[in-house]
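Here are a few exercises to work through with the model open beside you. Try each task before you read its solution.

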Amino acid sequence: MTALVTDFSEWVIGAELSPFSIEESIQKRLRLLGSQGLTGMALSGIDMALWDLLAKTQGLPLATLLGGQPMELPVYNSKGLGIIGPQMAAAEAKGLVAEGFDAIKVRLGYPTAKEDVAVVAAVRAAVGDEVRLFSDYNQSLSVTEARVRAIALKDSTLDWIEEPVHFDDYDGHAEVRAVSDIPIQTGENCWGPHEVAKAFKAGACDYFMPDAGKIGGVTGWMRSVALAEAIGMPISSHLYPEFSAHLLCVTPTRHWLEYVDWAEPILATSMQISNGKTQPLEGPGAGLEWDEKAVEKYAFR
Ligand code: MN
């Protein structure tokens, strides 16, 4: 990954600071190799850096440069709640809410549907009725099993079921969605607006959640959420909360910001969360400031 970004940088250094033009030229060079997987992540990262820099040269927050304005956003705590069983999940869920959130996400995909249902019930009992509760299967089920689970979870008070089947099995997603009373969420593994168009055409989901680092950075995000706006598809973010906060501010169908604190060890700034709300970091660009010593310490060589 580091090698790819370094290699791609040779195509960028010295070019005009024009993210669209640079995206076009990198895509052309990747025509045969493809822009999925590591190449897609390198492309996305460079695009994010270019937009961040463009906003900084104008002295504007990224959301403002993109034609919007920073605003308060609903945010959910996406930390923890792995496959840890009902008792531990219930205890951990309480702690996650106590950090200032009113929405959390539980990972499912236990050996049986009954266990999934038990975990959701335990978490719900622990956090009460007012907390929004999302769930994530991380692509772990077959379409048949996902249909069984969606039906079993029908009365579970979940607000969404995420990635029940393989990420690009859009028809499979649609089959699960057809029997599910709970909205289907997906999108974190889509590589660019072309994939998004296919997912929407297949009726794969009720909600969509692009990952800025896979969808093609700011450029890919803006093109993808334009498709979502046209069909009224609610858009949540996946990872990169500091950056995604700006992007949701310019997303007409904005839904939820996913919060994790995984970058905090290398950041000098951190997002403020209270009463289930947050806003983009202040300052020009995305507002990210690195803790240079920590970056040095953790850098891949
Ligand atoms: Mn997920």
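**Exercise 1. Find the residues of α1 that meet α3, and describe how the two helices pack.**

Step 1: L4, V5, F8 and S9 of α1 meet L38, T39, A42, L43 and I46 of α3, where contact means heavy atoms within 4.5 Å. Helices here are DSSP runs (H or I, at least four residues) and strands are E runs of at least two, numbered from the N terminus.

Step 2: Sort this contact by class: seven nonpolar, two polar and no charged residues. Ala, Val, Leu, Ile, Met, Phe, Trp, Tyr, Cys and Pro count as nonpolar, Asp, Glu, Lys and Arg as charged, and the others, Gly among them, as polar.

Step 3: Helices α1 (residues 2-9) and α3 (residues 38-58) have axes 9 Å apart, at an angle of about 55°. Axes are lines fitted to C-alpha atoms, for helices over the stretch in contact, and angles run from 0 to 180 degrees between N-to-C directions.

Step 4: α1 and α3 are therefore oblique to each other; under 35 degrees counts as roughly parallel, over 145 as roughly antiparallel, 65 to 115 as roughly perpendicular and the rest as oblique.

A word on the source: this is a predicted model, in which local features need pLDDT of at least 70 and side-chain atom pairs count only at pLDDT 80 or more, while totals for chains, interfaces and linings use all residues. Residues are numbered from 1 along each chain as its sequence is written, and side-chain values use heavy atoms, with hydrogens and water left out.

**Exercise 2. Now describe how α3 packs with α11.**

Step 1: The angle between α3 and α11 (residues 217-231) is about 95°, and their axes lie 5 Å apart.

Step 2: That is why α3 and α11 are classed as roughly perpendicular to each other.

Step 3: On the α3 side the contact uses S44, D47, M48 and W51, and on the α11 side G217, V218 and T219. By class, this gives three nonpolar, three polar and one charged residues.
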